[in-house]
Amino acid sequence: MLFNFFDPLFLVLVLPAMIFSMWAQHQVTSSFKKYSNQLTSKRLTGAQAAMAVLKHAGVTDVRIERISGSLTDHFDPRTNIIRLSDAVHDSTSVAAVGVAAHEAGHAIQYANQYAPMKVRAAIIPVTNIGSKLSMPLVLIGLILSMPGLINIGILLFGAVVLFQLITLPVEFNASSRALRILEDSALLSREEVPASRKVLTAAALTYVGALAVSLAQLIRLIALSQRRR
């Protein structure tokens, strides 16, 4: 088969990356669940914590809304809105405060024109195209023996990998900003900050896992294209 998913490169590169990614996803879920049972001493809700973090950074034009789902929290720069999930918005747990503060960190990045965030936003259109068309183009190119089509597919997939690579400093920086403000403003006690840090570190690992899978797949696609020539 042209796309034999059990070729050596899949077993050596892609499969280990997929296992790591699944482990990282399990870590963020279990960490959030564990520290959702630890309430903060100030009894701030996630929404209140996000607003306090924004205020501390001098950002005042961001709205906070509730969104359904689990761990669906995100900052939307197009509307300047932080959306917090049901498990975060009204929760007073250390986990909820950490996640909410992290999203506030993204809003602060946007307000301060943080360079990696601007670069990531600039390549989103190409990334969206790449995520949809890269694999079909590579597959059709392999079937029809059309190197040009394969190369276009690989380049588009490379844009996806680049997006995920740029996402890493954006995510780590948002967490760093959030934790620093949570501690400096005493929104969390010194004993509570490490718990929030563990939740956010676990969340960051999911982005590392996603990048590892995509990077391994990119290397595999390049090898497959070379093998066909």
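Helices and strands are here DSSP runs, with at least four residues (H or I) for a helix and at least two (E) for a strand, numbered from the N terminus. On that basis the protein chain, which is a predicted model, has 8 helices and 3 strands. Read from the N terminus, the order of elements is α-α-β-β-β-α-α-α-α-α-α. The C-alpha trace spans about 65 × 35 × 25 Å along its principal axes. Of the 229 residues in the chain, 46% are buried.

Helix 7 covers residues 147-184 and helix 8 covers residues 193-227; the two pack with their axes 10 Å apart, at an angle of about 170 degrees. Angles over 145 degrees count as roughly antiparallel, and helix 7 and helix 8 are therefore roughly antiparallel to each other. The contact between these helices comprises 19 nonpolar, 8 polar and 3 charged residues.

Both helices also take part in the largest pocket, where they are among the elements that give two or more residues to the lining. The others in that group are helix 1 (8-35), strand 2 (74-76), helix 4 (94-111) and helix 5 (115-122). Helix 8 gives the most, with 6 residues. The pocket holds about 940 Å³ of space. Its lining consists of 31 residues, and those nearest the centre are H74, E103, H106, E171 and Y207. By class, the lining has 16 nonpolar, 8 polar and 7 charged residues.

The next feature is the largest nonpolar core. In soluble globular proteins, nonpolar side chains tend to be buried together. In this model the largest such core has 38 residues, and the members that touch the most others are V53, L54, V62, I82, L84, V88 and L182. Two or more residues come from each of helix 1, helix 2 (46-56), strand 3 (81-85), helix 4, helix 7 and helix 8. The largest share is that of helix 4, with 10 residues.

Is L44 buried or exposed? The cut-off for buried is under 20% relative accessible area; L44 has 19% relative accessibility, so this residue counts as buried. Between L44 and S85 there are 41 residues of separation in sequence, and their C-alpha atoms lie 16 Å apart in space.

Definitions and conventions: Residues are numbered from 1 along each chain as its sequence is written. This is a predicted model: local features need pLDDT of at least 70, side-chain atom pairs count only at pLDDT 80 or more; totals for chains, interfaces and linings use all residues. Side-chain values use heavy atoms; hydrogens and water are left out. Axes are lines fitted to C-alpha atoms, for helices over the stretch in contact, and angles run from 0 to 180 degrees between N-to-C directions. Angles under 35 degrees count as roughly parallel, over 145 as roughly antiparallel, 65 to 115 as roughly perpendicular and the rest as oblique. Ala, Val, Leu, Ile, Met, Phe, Trp, Tyr, Cys and Pro count as nonpolar, Asp, Glu, Lys and Arg as charged, and the others, Gly among them, as polar. On a 1 Å grid over the protein atoms alone, a cavity is a set of points where a 1.4 Å probe fits but cannot get out, and a pocket is an open set with protein on both sides within 12 Å along at least five of seven lines; lining residues have an atom within 4 Å of a point. Grid points are joined across faces, edges and corners, and a volume is the space filled by probe spheres set on the points. A nonpolar core is a set of buried Ala, Val, Leu, Ile, Met, Phe, Trp, Tyr and Cys residues joined through side-chain atoms within 4.5 Å. Buried means under 20% relative accessible area, exposed over 50%, partly exposed in between (1.4 Å probe, protein chains only).
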